[in-house]
Amino acid sequence: MTPEGSSGESGPFRVGLLGHGTVGAAFHELLEARADAIEQGVGRRPEISGVLTRSRGQFDDLLERSDLIVELIGGTEPALDYVLRAMRAGRHVVTANKQLLSQHGDELYATAYEHQVQLRFEAAVAGVVPAIRVMAETLAAAHIERVHGIVNGTTNFILTAMEETGASYEDALAEAQRLGFAEADPSEDVTGKDAAAKMAILARLAFGAPVGLEQVPYEGIERVTPEDIEYAKDLGLSLKLVGRAERIGGGIAVHVYPAFLYGGHPLASVRGSFNAVTIESPAITEITLSGPGAGGTQTASAVLGDVISAMIPPPTLPPPAVEQEIVMDVESAFYLHLEVADRPGVLAQVAEILGLQGVSIKSVVQKGLGDDARLVMVMHPVLESKFRAAIDLIARLDFVRSSPRVIRVIEEVFE
Ligand SMILES: NC(=O)c1ccc[n+]([C@@H]2O[C@H](COP(=O)([O-])OP(=O)(O)OC[C@H]3O[C@@H](n4cnc5c(N)ncnc54)[C@H](OP(=O)(O)O)[C@@H]3O)[C@@H](O)[C@H]2O)c1
């Protein structure tokens with residue numbers, strides 16, 4: 001199919017560029033630098049047919065002169081309107097926009113399907129790490145059971161700094177801002193919302209189900225303390241902001257939360273601002289992909305990769321999504337940190353309450369004396385509702401000196 005206004009299968013492949021900020025400008029430069037090599041490999045030369053920003057360009061005119069639209073504006077409006085209009089006009093679209101895909105995925109996929117155009121978005125999740133391509137193409141035949149992701153570089157940078165230097169959350173965040181790894185307003189990152197949007201996109205691909213941002217409960221890292229990280233080291237654990245998408249019974253569950261990982265988990269060794277995605281399927285055991293999750297040049301490289309893929313027919317279209325039950329109450333192992341009075345019988349009472357709720361303890365460390373006495377435990381997997389019920393009771397015990405601190409533990413290791 002040749003879209004109206006297209007240059008067809010000969011002549012330059014015309015790329016209309018929406019947005020010319022960090023990623024847009026880097027993409028423009030990279031495309032021009034790589035145009036000769038792409039022409040040699042693909043047989044057509046990509047060229048920028050025009051640029052739209054707030055102060056330059058006109059969308060209808062740009063659309064008319066383009067075979068493909070690259071959307072690097074960000075946010076939902078006017079990006080959604082432009083992307084939908086481009087697809088309805090028969091143009092392929094490449095975007096790096098996680099908000100757009102996680103909030104309007106149904107409409108975007110349906111429009112791409114209806115108009116038989118490609119909608120590519122490798123850079124929307126984990127930057128240049130090729131998680132989308134691997135899931136949609138390489139693993140198209142695999143039945144994906146579970147996906148774990150470290151999909152936010154800012155929070156991984158902060159947690160790594162806390163682990164390596166013993167810094168507080170506030171100091172590690174300030175350092176991340178000073179070095180350009182966190183924005184002046186870091187709230188989307190540190191609350192887990194950015195990661196939740198990316199996990200919604202990955203879950204849709206992994207399970208072929210329409211998952212939106214509103215179906216992904218998320219927790220951030222703002223309340224993590226250096227003590228949590230320090231004590232957990234004694235238990236062989238390291239802390240990450242983890243996205244977890246999995247099949248449970250007949251449904252699926254997608255969550256984002258800070259979680260402890262044992263050393264054998266492939267994500268345990270992902271440090272600094274890197275991102276990584278672990279995909280589990282019986283057919284492949286597990287595959288972990290990791291690399292830079294952001295940065296103008298890195299993200300632009302993923303965007304250009306998508307453009308090259310779209311230049312090569314036939315188009316790959318996302319299959320229509322099938323509704324599945326979204327499971328909210330999920331089994332997990334938990335870390336529990338209690339500040340307690342230093343007196344006999346404390347551990348026995350805590351263990352009794354846990355036991356009555358069906359929670360069993362995997363390991364315990366008793367720390368400190370007197371006013372500094374603490375109980376740090378890891379539980380075997382249990383339904384979250386049961387564990388929370390036990391914690392509500394434990395919090396009311398007279399020897400518990402402050403609110404119990406709870407962090408999930410991811411048990412899988414691949415050794
Ligand atoms: N930065 C990264 O490392 C990174 C990594 C992965 C994904 N992404 C995604 O890439 C996309 C672009 O991010 P970015 O960091 O390049 O953003 P950015 O630096 O803020 O650039 C945004 C660009 O969009 C233009 N724009 C904004 N509102 C517009 C409107 N209403 N109409 C027309 N143009 C408008 C801006 O125009 P003006 O120049 O006129 O302001 C600017 O050129 C986002 O979806 C982001 O989530 C970024």
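I will take the ring pairs, then the cores. Please keep in mind that this is a predicted model.

Aromatic rings, then. A pair of rings is described by the distance of the centres and the angle of the planes. The count here is 5 aromatic pairs. I will show two of them.

In the pair F59 and Y82, the ring centres are 4.4 Å apart and the planes are at 20°, so these rings are stacked. F59 sits in helix α2, residues 59-64, and Y82 in helix α3, residues 79-88, so the pair joins distant parts of the chain, 23 residues apart. F59 and Y82 are both buried.

Next, F334 and F387. Their centres lie 4.1 Å apart with the planes at 10°; under 30 degrees counts as stacked, so this pair is stacked. F334 belongs to strand β12, residues 331-339, and F387 to helix α13, residues 384-395, so the pair ties together parts 53 residues apart in sequence. F334 has a relative accessible area of 0% and is buried. F387 is buried as well, again with 0%.

Now the cores. In soluble globular proteins, nonpolar side chains tend to be buried together. The largest nonpolar core in this model has 85 residues. Those with the most contacts inside it are M87, L108, V147, I158, L202 and V277. Helix α9, residues 193-207, supplies the largest share of this core, 10 residues.

What is V277 in contact with, leaving aside neighbours within four places in sequence? Its contacts include A126, M135, V147, L202, L267 and I287, along with H148 and T288.

There is also a second, separate core of 22 residues, including I48, V70, A310 and M311.

Definitions and conventions
Residues numbered from 1 in each chain as written. Predicted model: local features only at pLDDT ≥ 70, side-chain atom pairs only at ≥ 80, totals over all residues. Heavy atoms only, no water. Phe/Tyr/Trp six-rings, centres within 6.5 Å; stacked < 30°, edge-to-face > 60°. Helix = DSSP H or I, 4+ residues; strand = E, 2+ residues; numbered from the N terminus. Buried < 20%, exposed > 50% of the residue type's maximum accessible area, 1.4 Å probe, protein only. Core = buried A, V, L, I, M, F, W, Y, C linked by side-chain atoms within 4.5 Å. Contact = heavy atoms within 4.5 Å.
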